[in-house]
Structures are given as structure tokens and as C-alpha cells.
Amino acid sequence: MQIRKGELLALLGPSGSGKTTLLRIIAGLEIPDQRSETAILFHDQDVTGNRVADRKVGFVFQHYALFKHLSVFENIAFGLRVRPRATRPSAAKITAKVQELLRLIQLTGFENRLPSQLSGGQRQRVALARALAIEPQVLLLDEPFGALDAKVRQGLRSWLRGLQTELKMTTILVTHDQEEALEVSDRVVVMNRAKIEQVGTPAEVFHHPASEFVMDFLGQVNVFHGRIEQGRAIWRGGSHDVSHLSAEGHTTANVYVRPHELDILRGPAPESGILAQILRINPAGSIAKIALKNADENEILVDLPLDRLEELELRIGEWVSVSPKKIRVFVPDYSI
């Protein structure tokens with residue numbers, strides 16, 4: 001894995017996939033297995049054997065880890081004050097640096113407060129400023145917004161993206177929040193069981209998943225089980241040309257369709273359509289979420305624009321046709 005200078009890269013994956021372990025190895029807090037022949041390079045310099053203090057990384061934890069007895073000012077200044085005397089900035093330079101960072105994190109005037117006098121979002125910004133104070137080569141963020149409520153998280157994500165644009169800091173963000181990773185990062189690394197499944201821009205990993213795991217992990221999906229026969233993927237209610245796949249004979253296939261890639265029609269199901277009964281309609285929000293069940297009692301989720309919902313005038317219990325606008329077929333070792 002290569003991280004470009006000045007980019008914000010997100011490590012995304014389920015719990016236990018190795019995201020935090022990888023981050024701690026980069027920081028020097030964990031030692032990689034000697035058999036793995038791991039090498040960690042900062043700007044082409046091998047730092048694999050370097051101590052944490054020599055790697056010049058900033059680390060922000062999920063639960064802030066602020067010093068409760070120190071003011072906001074002293075928390076931010078801490079990394080500068082504990083430097084060896086030969087490299088320690090003067091008191092005036094420390095004050096100037098802290099004031100600059102307070103402006104960046106939008107907490108000017110809060111320097112004399114204790115962490116207990118701040119909100120969760122403010123504490124996390126102070127933790128980020130403390131990490132930035134030492135001017136790290138790499139900034140490491142381990143689930144930095146995981147302990148905050150949804151609205152505060154949303155605000156901090158926008159703030160972090162703006163800060164990243166301003167500072168151009170090489171940043172690695174660990175998260176299991178898909179929306180967070182896709183919103184703030186320049187590129188995403190999707191991890192599963194200590195392996196990298198895919199690296200790409202948010203649009204690439206979402207719209208062009210490299211594996212069945214990535215497809216299933218990112219966002220909601222409907223999965224239809226079928227088979228490959230004579231160059232076509234066949235499942236209940238539809239078929240699709242997959243002649244470019246070199247699968248021989250009959251083989252199982254999984255057909256994936258995201259909820260927003262389905263439409264609802266009245267009347268007989270088209271060739272690639274599924275007859276289904278409406279179970280629930282939830283029009284709250286910017287899109288309407290509709291749950292249906294097919295003849296096999298499997299639930300199908302559909303996202304419709306509100307104007308489309310008004311046009312259809314759907315009713316609970318009625319039977320309709322569900323038609324895919326885009327599908328992805330995965331079979332062992334092959335995908336489209």
C-alpha cells in the first residue's frame with residue numbers, strides 16, 4: 001500500500017479486519033511479525049526499526065486521551081514542551097503555535113478551559129490540535145469521531161475535510177463508518193481479515209467494487225442467488241448476459257443490486273423483473289425507502305425519489321414489478 005503525500009486515506013473495514021493494528025504498526029506502537037518482511041517507509045526512508053518518538057507521527061485516539069488536569073492551551077503545547085532542550089521552541093514560539101492551532105480548530109478564547117468544560121466535539125478538536133502541534137510527517141486518526149453523536153460527527157467530518165484541504169497533511173483515518181470514509185477521504189482502502197480487498201477513490205470502490213466482499217460491505221444491497229448457464233446469469237425473475245466470463249458449464253452466481261438501482265413498475269414483470277408485494281413504505285427523508293417480498297418470501301429493498309413515489313401511488317399489500325436498472329454478477333474468481 002502506498003499513501004501519497006498530502007492525501008487523506010481512509011482504512012475502512014469491519015471490526016477485526018486489522019485497521020487499527022495496521023495504524024499502530026505505522027506509528028511504531030506495534031511490532032510487525034518478523035516473518036511478514038514488513039517495511040514502512042516515510043518519504044522513501046525506512047522507519048520500520050525506529051522508535052515511536054523518532055517517527056514524528058501525530059496520533060489522535062477515539063476517546064481524546066486529553067490530560068484532564070491541564071488547560072486546553074497546555075494540552076496543545078504538551079508535545080512541544082517535552083522536547084529535548086536542544087530542539088524545544090522558546091516560550092514565545094510555543095504560544096504563537098498554540099494560538100495558530102486554536103484558530104485552526106475554531107477554539108480561540110478557550111485556551112484556559114479544562115477538558116471537562118468542553119463538549120465532545122471540542123475535545124476531539126483539541127486532541128487533533130495537540131497532534132498537529134509537533135508538525136508530524138504523518139497524521140494518524142483512529143476512529144476519531146466514533147464516540148460522538150451523529151450530528152456532531154457530521155459537522156466534524158466537514159471541518160476535517162476543510163482542514164485537510166488547507167494543511168495538505170498526509171493523513172490516515174481508520175473508520176468502520178462507510179459514510180465517513182466515502183465523504184472525507186481522497187482514497188479508500190477496504191480491508192477484510194487483515195488483507196486489502198481494494199484501493200481506490202470513494203467513487204471507484206462504491207461503483208466498481210473489485211470483489212463480492214466490497215460490494216456487500218459498502219452500502220445496502222439486494223442479493224439474488226442464481227446460476228451461470230450458456231453465457232447468461234439466470235435468477236428468479238431475470239437473466240443477464242455474462243458471456244465474457246470464462247466459467248464453464250453451470251456454476252452458482254450471486255446477483256447484486258443496490259436499492260437505488262431498482263425501479264418499481266405496475267403490470268407484468270419485464271424480462272429482468274421480479275414480482276413482489278409491498279410490505280412497508282417510509283417516505284421520511286430525501287428518498288422513499290420501500291420494502292417488498294418476492295414469491296420466495298425474500299425481502300427486497302428499493303430506494304425511490306419522492307416524486308416517483310407520488311407518481312406511482314403505491315399501497316401496502318399490492319403486487320408490483322421490481323425492475324433492476326443496473327446489476328453486478330459475482331461468481332468464484334470472476335466478476336462484472
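At what angle do the axes of helix α3 and helix α4 cross? Hi everyone, let's start there. This is a predicted model, so please hear everything I say today with that in mind. Helix α3 covers residues 72-81 and helix α4 covers residues 91-104, and their axes cross at roughly 125 degrees, coming within 10 Å. Angles from 65 to 115 degrees would count as roughly perpendicular and those over 145 as roughly antiparallel, and α3 and α4 are therefore oblique to each other. As for handedness, the crossing of these two helices is right-handed.

Who makes the contact? On the α3 side you can pick out Val72, Phe73, Ile76, Ala77, Leu80 and Arg81. Facing them from α4 are Ile94, Thr95, Lys97, Val98, Gln99, Leu101 and Leu102. Sorted by class, the contact of α3 with α4 has nine nonpolar residues, along with two polar and two charged ones.

Now let's move on to strand β6, residues 171-175. Is this strand buried or exposed? Five of its five residues are buried, so β6 is largely enclosed by the rest of the structure. In a regular strand, side chains alternate between the two faces of the sheet. Here, Thr171, Leu173 and Thr175 point one way from β6, while Ile172 and Val174 point the other way, and all are buried.

And which strands does β6 pair with? One partner is β1, residues 8-12: the two run parallel and are joined by five bridges. If you want a place to look, find Leu9, whose bridge partner in β6 is Ile172. Another partner is β5, residues 138-142, which pairs with β6 in the parallel sense over four bridges. In that pairing, Asp142 stands opposite Val174 of β6.

What is the order of its five strands? Reading across this open sheet, we get β13-β17-β14-β15-β16, and the pairing is antiparallel. The edges are β13, at 262-265, and β16, at 299-305, each of which pairs on one side only. Ignoring direction, neighbouring strands in this sheet are turned by 45 degrees against each other on average.

Let's walk through some of the pairings. β13 and β17 are antiparallel, with four bridges between them, and Asp263 has Ser323 of β17 as its bridge partner. Strand β17, residues 319-324, is mostly covered, with five of its six residues buried. Then β14, residues 274-282, pairs with β15, residues 287-294, in the antiparallel sense over six bridges.

Asp44 is not a glycine, yet it has a positive phi of about 70 degrees. You'll find Asp44 in the loop between β2 (41-42) and β3 (45-46). Asp44 is exposed, with a relative accessible area of 75%.

The other residue is Ala194, also with a positive phi, about 65 degrees, although it is not a glycine. Ala194 lies in the loop between β7 (187-192) and β8 (195-200). Is Ala194 buried or exposed? At 62% relative accessibility, Ala194 counts as exposed; the cut-off for that is over 50%.

Note on methods:
Residues numbered from 1 in each chain as written. Predicted model: local features only at pLDDT ≥ 70, side-chain atom pairs only at ≥ 80, totals over all residues. Heavy atoms only, no water. Axes fitted to C-alpha atoms, helices over the stretch in contact; angles between N-to-C directions. Parallel < 35°, antiparallel > 145°, perpendicular 65-115°, else oblique. Left-handed = near helix turned anticlockwise from the far one by under 90°. Contact = heavy atoms within 4.5 Å. Nonpolar A, V, L, I, M, F, W, Y, C, P; charged D, E, K, R; others polar. Buried < 20%, exposed > 50% of the residue type's maximum accessible area, 1.4 Å probe, protein only. Pairing = 2+ DSSP bridges.
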